[in-house]
Amino acid sequence: MARKKITIVGAGNVGATAAHWAAEKEIGDVVLVDIVEGVPQGKALDLLETGPVEGFDTKLVGTNSYDETAGSDVAIITSGFPRQPGMSREDLLEKNKEIIQSVTTEIAKRSPNCIIIVVTNPLDTMVYLTKKVSGFPRNRVMGMAGILDTARLRTFVAMELNVSVEDTQAFILGGHGDDMVPIPRYCTVAGVPITQLIAKEKIDKIVERTRKAGGEIVSLLKKGSAFYSPSASAIQMAEAILKDKKRIVPCAAYLEGEYGLNDIYFGVPAKLGSNGVEEIIEVELTAEEKAAVQKSADGVKKSIAELKL
Ligand SMILES: NC(=O)c1ccc[n+]([C@@H]2O[C@H](COP(=O)([O-])OP(=O)(O)OC[C@H]3O[C@@H](n4cnc5c(N)ncnc54)[C@H](O)[C@@H]3O)[C@@H](O)[C@H]2O)c1
């Protein structure tokens, strides 16, 4: 079987750590791209030289050019500025817009059949821009946010109940911002909804902490934002695609009527396989949940409008 090829744009915290996870999992050979000379080359070589120690055969190259990315199966875009304390994800829009436009053009030119996973913030807006610039169909452009947000929620539930994170499942809809919509009645521990296991006030606190979990890390790190869990989440999506796993994961997908929303990227449960987003799963919502979804969608729409496309 031919080896798969993964391009990772941005060799910073998220990009380089994604290369690390990808190498260890042997899901494909990795091309790491950055504008800073020497950094992608150095990090890729360092990871390549880790292979004999960890026992992986993944090939990794670092580059400042896109020629080596040609024919990629999956491209993960992490290039762009991260948040600093006091910043919202939206504050990054102007700076990251230009980066996403140029990176997407280069990727789409050299890998016209690839599947793109965007990580750069503000997430839903940047992935919308990537779809516009690439001209790719909706199944081949998606954003990473939901796996990360649900991982945070699952962590807090496991901490609260002193159970294994492996037995927790979580469900979050909406944009990747503080208005995201965790839905506790669809969050479970070994199949049991957490609404039966945790008191409402505690669930409310967990939900609030989840919404602000990105900011919690930013304020601890003081420089930059989370990268271990975001990069692992992006690689889980790439793995589901490259191995055609048909995993149901929350991700930012382009909606055409689903959840009553149109022409927007929004966090929803989706089936990921070799064709990218192969299906969007719609679930029943209460009136209150619908209102929260609408509020989150209004925020994303406002941000997309600021792109002035
Ligand atoms: N979706 C999410 O859930 C999520 C989670 C964490 C981080 N992020 C976002 O991911 C992005 C990257 O975060 P990070 O912590 O890795 O930042 P970082 O600063 O460590 O790395 C960003 C890298 O992008 C590179 N870069 C800038 N312009 C480029 C260009 N035109 N072409 C190629 N490379 C370019 C920089 O040189 C740098 O190495 C940020 O926008 C951050 O907000 C999103």
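Analyst: Start with a pair: Glu278 forms a salt bridge with Lys246, and their closest N and O atoms are 2.8 Å apart. Glu278 sits in strand β14 (residues 276-280) and Lys246 in the loop between α9 (228-242) and β12 (247-256), so the pair links distant parts of the chain, 32 residues apart. Strands (E, at least two residues) and helices (H or I, at least four) are DSSP runs, numbered from the N terminus. This is a predicted model: local features need pLDDT of at least 70, side-chain atom pairs count only at pLDDT 80 or more, and totals for chains, interfaces and linings use all residues. Residues are numbered from 1 along each chain as its sequence is written, and side-chain values use heavy atoms, without hydrogens and water.

User: What is a salt bridge, and how many does the count come to?

Analyst: Side chains of opposite charge can pair when their charged atoms come close. The rule asks for a side-chain nitrogen of Lys or Arg within 4 Å of a carboxyl oxygen of Asp or Glu. By this rule, the count comes to 19.

User: Which residues are buried in α7?

Analyst: An α-helix has 3.6 residues a turn, so residues three or four places apart point the same way. Ile203, Ile206, Val207 and Thr210 are buried in α7 (buried is under 20% relative accessible area, exposed over 50%, partly exposed in between; 1.4 Å probe, protein chains only). The face turned away from this buried side carries the exposed residues Glu201 and Lys205.
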